[in-house]
Amino acid sequence: MAVGKMAVALAPSGWWRRWRRRLSAREVSRMLLLLLLLGSGQGPRQVGAGQTFEYLKREHSLSKPYQGVGTSSSSLWNLMGNAMVMTQYIRLTPDMQSKQGALWNRVPCFLRDWELQVHFRIHGQGKKNLHGDGLAIWYTKDRMQPGPVFGNMDKFVGLGVFVDTYPNEEKQQEAQKRRYSPGVQRVFPYISAMVNNGSLSYDHERDGRPTELGGCTAIVRNLHYDTFLVIRYVKRHLTIMMDIDGKHEWRDCIEVPGVRLPRGYYFGTSSITGDLSDNHDVISLKLFELTVERTPEEEKLHRDVFLPSVDNMKLPQSPAPWE
C-alpha cells in the first residue's frame, strides 16, 4: 500500500470529525472517564437474571497487598489479637493452641443490598477431628470485641456465618455413649448462620445448633485449590453459597427469606483455637453493592429496621440499654 493511501486509511473518517465537532470539552471528558471505567473493570457488572448490577465497594473490600490494614486513623481495616499481615494472606490464627485473632472493617456499611465474597484457607497439621476451631464472618453492630464465639463477643447484634471445623456435640455424644439418629447427624467441617438481636448465646457445646438458620457440610481443610464463600443479602433474602470443589462454581448452602438486617453495621472476620488448632487465613474480602429493582409494594415492605430479626422466628427480647 502506498504511504498516501495508508495515511488516508488511518485518518479519522468524516462522520467522526462531524460528530466530534458537536461535543463540548466536558462531554468528551465524561466519555473518556466512562471508557476508562469500563476498560479497567471497575464499572457496573450485570449479575444473574433480571436487572441486577454489582459494584465493587473498595472501602469495604480487602485484597493483596493489604495496604489498607493497620492501626492509623486512615486505615480501612484493623487487626486484633494474634492476627498478622503476611505477603499472600492475613493469618487470623496460627496453628497453635489458645490463639484468637480478628480483622474488622472501620467503615460502617449502609448498603441496602449487598454481596460479600470471602476467599479463605484453613489448613494445619492436625489429623481428622484433631483440629479446630474454625472461623466466622460477621456483619454486626459492634466491632473489635474479643470473645468466645470464634474470637468475637457472645450475644452479638447482627449476622454471624460460621465455618466450624470441630464437632463438639458429636464428641460429647460419643463420650456419653449415645448415638445420633441419621436425621440429625452433621458432617464437619460445617457452615451455619445465625441472626442475633443481642439476647442469644451461641451454644458451643452443641455447635450452635439451637440458634442456626440453616447449614451444610463444607470439606474445606487442607485443600490444594482456592476456597470461597459468598454471603448475599437482597430484598431481605439471605443466601450463602460456597465454591470449595476447585470447579469455580457456586454451590448452595443456606437460603433464608425474611431476614431483616439494619444498615450501618460492620463487616469482620475472626477465628479462635483452643486445645486443637489450625491456620486460619483470609486472602481477600470483596463487597459488592447490588442494585435491584423494587416495586412500590416492596419499597413499603423493605423499610429500614433497627434490630435484626427473622420472619417466623421469634427471638427473645434483648435487654434494654442502661439509660
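This is a predicted model: local features need pLDDT of at least 70, side-chain atom pairs count only at pLDDT 80 or more; totals for chains, interfaces and linings use all residues.

**Disulfide.** I count a disulfide when a pair of cysteine sulfur atoms lies within 2.5 Å. Residues are numbered from 1 along each chain as its sequence is written, and side-chain values use heavy atoms, with hydrogens and water left out.

How many disulfides does a search of the whole structure find? I get one. The cysteines are Cys216 and Cys253, with sulfur atoms 2.0 Å apart. I looked up where they sit: Cys216 is in strand β11 (residues 214-217) and Cys253 in strand β14 (residues 251-257), so the pair links distant parts of the chain, 37 residues apart. For the element names I rely on DSSP runs numbered from the N terminus: helices are H or I with at least four residues, strands are E with at least two. The angle about the S-S bond is -105°, and I noted the link of Cys216 and Cys253 as left-handed.

Are these cysteines buried or exposed? My cut-offs are under 20% relative accessible area for buried, over 50% for exposed, and partly exposed in between (1.4 Å probe, protein chains only). Cys216 comes out at 12% relative accessibility, so I write it down as buried. Cys253 counts as buried too, at 13%. I also checked Cys109, which is buried with a relative accessible area of 0%.

**Salt bridges.** My rule here is a side-chain nitrogen of Lys or Arg within 4 Å of a carboxyl oxygen of Asp or Glu. By this rule I count eleven salt bridges.

- Glu299 and Arg112 meet through their side chains at 3.0 Å, N to O. This pair links distant parts of the chain, 187 residues apart: Glu299 belongs to helix α5 (residues 296-301), while Arg112 is in the loop between β6 (100-105) and β7 (114-123). Both ends came up partly exposed, Glu299 with a relative accessible area of 35% and Arg112 at 27%.
- Glu115 bridges to Arg232, with the closest N and O atoms 2.6 Å apart. Here I have strand β7 for Glu115 and strand β12 (residues 227-234) for Arg232, distant parts of the chain 117 residues apart. Glu115 is buried at 4% relative accessibility, whereas Arg232 is partly exposed at 28%.
- Lys235 pairs with Glu298, the closest N and O atoms being 3.3 Å apart. I place Lys235 in the loop between β12 and β13 (237-243) and Glu298 in helix α5, again distant parts of the chain, 63 residues apart. Lys235 is partly exposed at 28% relative accessibility, and so is Glu298, with 22%.

**Strand pairing.** I call two strands paired if DSSP finds at least two bridges between them. Which strands does β5 run antiparallel to? One is β4 (residues 84-85), which two bridges join to β5 (residues 90-93). A hairpin connects β4 to β5 through four residues, and I found Val85 with Ile90 as its bridge partner in β5. The other entry I made for β5 is β17 (residues 279-291), joined by three bridges and also running antiparallel. There, Arg91 stands opposite Asp281 in β17.
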